[in-house]
Amino acid sequence: MHGVQSDTMSAESPLLCRHCGYDLRTIDIEDRCPECGTAVASSLASAYLAGAEPSWLKQVYIGQRDVVLGVVLLLIGVPVTFIIDTWLDDFLDANRTIRLLFGSLPTLLFLALLFVGSLRLTTRDPRLGDTESPVAPRRLALLSVFAAIPISLLYYAYLFTTAPPVVSMLFLYAFGLTVCATIATLTLHLAHLAMRLPDAALGARCRSAATWFGIPMAMALLASAVQATIGTVTLLRFAQLVATLVAVVFAVKLFLCWFAFRRALASIIASSAPSPG
Ligand SMILES: [Zn+2]
């Protein structure tokens, strides 16, 4: 078994205050952080999440809940609205705007929870200092979720116009791409955090689930976009089917990883909670 090596914080990292990130190397171990007053000794638990600021851990935990809640609402909401739509077919046929608004509800709710959850989940550990890579999964997740908002709004805006369907389809695929990128990069971010639980096995599982969900899903969506533009290509259609199947299988694995991480984080939060009195 290999030793756990965190890639976000090396052994040479400065000792940073777990609350505000202040560099504590020159401060006596018995002292308090000159910036915020947190005891230096409480920041000593190296890179492990057990030594992290409880309020930050809580943010990550709540953010994870919001994202999962959003995905679950989407998975339930889409078929439910579809059934209701079929029920009220005659009424909705005459009211196109109501049909579009009603049909968009699950997606908009999902988008709102994904956005809020991503912001919380990617809150920066104050101990990490200024050494974070510009392409850290945390940053890529924020980039994708911020891209998803205008693209989804453009998609809905186009639905209400008489633009050719292919235009709104392309926006829909672009929207799907940003959402999948957000989920995949958030999972890579969880992989980084899992390495600091420390749980190298969970970290590796999160990473492989993110990769094997994200890349095939992106390929399938791109294939859809190409075919929406140039027409169906049999070989592309087949490749798309295979890619989608792989992505769905790994989406299940990805969900299981999220719950495993959630359990691990919950037990850390429970054990780091201040004892009453
Ligand atoms: Zn401090």
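Contact between them involves 8 residues of domain 1 and 4 residues of domain 2. Here, two residues are in contact if their C-beta atoms, placed from the backbone, lie within 7 Å. On the domain 1 side, the touching residues divide into 4 nonpolar, 3 polar and 1 charged. Nonpolar means Ala, Val, Leu, Ile, Met, Phe, Trp, Tyr, Cys and Pro; charged means Asp, Glu, Lys and Arg; the others, Gly among them, count as polar.

This is a predicted model: local features need pLDDT of at least 70, side-chain atom pairs count only at pLDDT 80 or more, and totals for chains, interfaces and linings use all residues. Residues are numbered from 1 along each chain as its sequence is written.

### Overall build

The protein chain has 7 helices and 0 strands. Helices (H or I, at least four residues) and strands (E, at least two) are DSSP runs, numbered from the N terminus. The C-alpha trace spans about 75 × 40 × 30 Å along its principal axes. Of the 277 residues in the protein chain, 31% are buried. A residue is buried if 20 or more other C-beta atoms lie within 10 Å of its own, exposed if 12 or fewer, and partly exposed in between, with C-beta atoms placed from the backbone. Take the contacts between residues at least 6 apart in sequence: 70% of them join residues at least 24 apart.

### Helix α1

Helix α1 covers residues 54–87. Its 34 residues should span 50 Å at 1.5 Å a residue, and its end C-alpha atoms are 49 Å apart, which agrees. The expected span is 1.5 Å times one less than the number of residues. Helix α1 still bends by about 25 degrees at G77, and the proline P79 follows within four residues. The bend is the angle between axes fitted to the seven residues ending at a position and the seven starting there.

L57, V60, Q64, V67 and G70 are buried in α1. An α-helix has 3.6 residues a turn, so residues three or four places apart point the same way. The cover over the buried residues of α1 includes α3 (96–121), α5 (165–195) and α7 (234–272). V78 also belongs to α1. It counts as partly exposed because it has 15 C-beta neighbours inside 10 Å. V78 and K58 are 20 residues apart in sequence, and their C-alpha atoms are 30 Å apart.

### Helix α5 and the cores

Helix α5 has 31 residues, which should span 45 Å at 1.5 Å a residue; its end C-alpha atoms are 45 Å apart, in agreement. In α5, 22 of the 31 residues are buried, so the helix is largely enclosed by the rest of the structure. V179 sits in α5. V179 is buried, because 25 C-beta neighbours lie inside 10 Å.

The largest nonpolar core has 46 residues, and L190 and C206 have the most contacts inside it. A nonpolar core is a set of buried Ala, Val, Leu, Ile, Met, Phe, Trp, Tyr and Cys residues joined through C-beta atoms within 7 Å. Helices α1, α3, α4 (137–159), α5, α6 (200–230) and α7 each give two or more residues to this core. The largest share, 16 residues, comes from α5. Leaving out residues up to four places away in sequence, C206 touches T187, L190, A191, A194, C257 and F261. A second, separate core has 5 residues, including L16, Y22, L24 and C33.

### Two prolines

P137 lies in helix α4. It is buried, with 22 other C-beta atoms within 10 Å. Beyond its neighbours within four places in sequence, P137 is in contact with T185, L188, H189 and H192.

P198 lies in the loop between α5 and α6. The peptide bond from L197 to P198 is cis, with omega near 0 degrees. Most peptide bonds are trans.

### C-alpha separations

| Pair | Sequence separation | C-alpha distance |
|---|---|---|
| P137 and H189 | 52 residues | 5.1 Å |
| V179 and L111 | 68 residues | 8.6 Å |
| V78 and K58 | 20 residues | 30 Å |
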